[in-house]
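Keep the model open beside you as you read.

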Amino acid sequence: MQVDRRRGADGYMPMRLTSSFRTSARRTPAAPAIISDGAEITYQALLARVNRIANLARDKWSLERGDIVALIAPNRAEYIELVFALSDVGVVVATINPRLSPADVETIYRDCQPRLALVDPSLPDIADVSSASGVKTITIDEAFEQDVRAAKDDFAPPPFPEEDSFCLCYTSGTTGEPKGVLLSHRSRALTVQAMEIEYGCFGLNSRFLALAPLCHGAGFAFAAAALSFGGACVLFNNNDPSAIAARLGAGDISGVFMVPTHFSRMVQQSPAELQKLRSAHRVR
């Protein structure tokens with residue numbers, strides 16, 4: 001009899017956010033998972049990349065369960081790949097806002113003591129402060145891509161408790177220095193399940209516009225929810241209200257998470273743009 005190593009002695013399988021994504025990949029491997037800048041990544045391709053990065057993290061970066069890794073980047077497909085892959089290794093991902101100043105990032109580094117920093121190439125000042133802080137730094141560039149391509153594309157996530165930390169988010173620090181908030185694997189898994197029940201906009205044919213920053217707890221949760229139920233996550237990295245209205249006006253988006261500021265700026269658009277948006281989505 002084959003034994004499922006992910007289950008405990010009592011047969012219970014610990015909850016993980018990536019478990020539902022892996023189920024989606026097995027169910028609809030050819031379906032689009034991430035749509036970014038007009039390019040589509042299928043579930044099969046996304047799973048292969050997540051597995052490759054997990055092997056890279058474990059075998060080349062020597063990361064282990066409980067290690068903290070800082071991820072600093074704008075919305076891009078690699079962001080989701082890295083969070084999924086690192087969490088499957090048991091690594092705690094510190095999702096740091098890429099708009100913070102180098103001084104703010106340095107303050108966060110002193111607090112969480114990351115073993116590694118993964119930084120977008122558009123943030124050279126952050127990469128510099130990472131290195132100056134003694135944190136091993138990897139830029140998410142072509143050299144990173146070469147390492148990903150060289151890694152194996154099969155990975156079996158090791159067993160660990162669902163109470164382990166999935167990510168480390170930092171508050172805005174409006175009343176002092178930013179404070180780290182640990183979120184568990186169980187918490188994140190239950191969050192996306194509750195979102196599907198509450199909002200009903202996630203499923204096999206859904207296309208969710210990931211407009212909010214992925215470094216934000218809600219922004220990442222909404223993006224991950226789409227992938228947890230076999231839908232497509234449409235990454236968007238433009239806060240211009242006209243661009244947002246135009247993308248929503250295309251009529252293929254089934255859900256989007258926005259804050260009041262987004263709505264306030266959008267209602268100031270021209271009557272023609274607003275009417276197009278209402279017609280496409282039956283906005284009242």
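The lining of the largest cavity has six nonpolar, three polar and one charged residues. This is a predicted model, and a search of the whole structure turns up one cavity of 30 Å³ or more. Its lining is made by Thr 95, Phe 166, Cys 167, Cys 169, Arg 188, Leu 214, Cys 215, His 216, Gly 217 and Phe 220. Strand S7 contributes the most to this lining, with three residues, while S7 and helix H8 (217-228) each supply at least two.

Now for the open space. The largest pocket is lined by 30 residues, and those nearest its centre are Asn 97, Arg 99, Pro 213, Cys 215 and His 216. For the pocket, the largest share of the lining comes from helix H10, with three residues; both S7 and H10 (260-266) supply at least two. Here are the two spaces side by side:

| Space | Volume | Nonpolar | Polar | Charged |
|---|---|---|---|---|
| Largest pocket | about 800 Å³ | 16 residues | 12 residues | two residues |

Strand S7 leads us to the sheets. It belongs to an open sheet of six strands with mixed pairing, in the order S6-S5-S3-S4-S7-S8. Strand S6 (136-139) and strand S8 (180-184) are the edge strands, each pairing on one side only. On average, neighbouring strands here are turned by 25° against each other, direction ignored. S7 (residues 165-170) pairs with S8 in the antiparallel sense over five bridges, and Tyr 170 has Gly 180 in S8 as its bridge partner. Helix H7 (residues 185-199) packs on this sheet, where it touches S7 and S8, and its direction makes about 70° with that of S8.

There is another open sheet, this one of five strands, with mixed pairing and the order S2-S1-S10-S9-S11. Strand S2 (39-42) and strand S11 (255-256) stand at its edges with a single partner strand each, so one side of each has no neighbour in the sheet. Strand S1 (residues 32-36) and S2 pair in the antiparallel sense over four bridges, with Ala 39 in S2 as the bridge partner of Ser 36. Helix H2 (residues 43-59) packs on the sheet and touches S1 and S2, its direction making about 70° with that of S2. Helix H3 (residues 77-89) lies across S1, S2 and strand S10 (232-235), and runs at about 130° to S10.

Which residues of helix H1 meet H8? They are Leu 17, Ser 20, Phe 21 and Ser 24, and they meet Phe 220, Ala 224, Leu 227 and Ser 228 in H8. This contact has five nonpolar, three polar and no charged residues. The axes of H1 (residues 17-27) and H8 come within 8 Å and cross at roughly 35°.

Finally, step back to see the whole chain. The protein chain holds 11 helices and 11 strands, and its C-alpha trace spans about 55 × 50 × 35 Å along its principal axes. Why does its radius of gyration agree with that of a compact globule? Because a compact globule of 284 residues would have a radius near 19 Å, and the protein chain has 19 Å.

Note on methods. Residues numbered from 1 in each chain as written. Predicted model: local features only at pLDDT ≥ 70, side-chain atom pairs only at ≥ 80, totals over all residues. Heavy atoms only, no water. Pairing = 2+ DSSP bridges. Axes fitted to C-alpha atoms, helices over the stretch in contact; angles between N-to-C directions. Contact = heavy atoms within 4.5 Å. 1 Å grid on protein atoms, 1.4 Å probe; cavity = no way out; pocket = protein on both sides within 12 Å on 5 of 7 lines; lining within 4 Å. Points joined across faces, edges and corners; volume = space filled by probe spheres on them. Nonpolar A, V, L, I, M, F, W, Y, C, P; charged D, E, K, R; others polar. Rg over C-alpha atoms; globule rule 2.2 N^0.38 Å.
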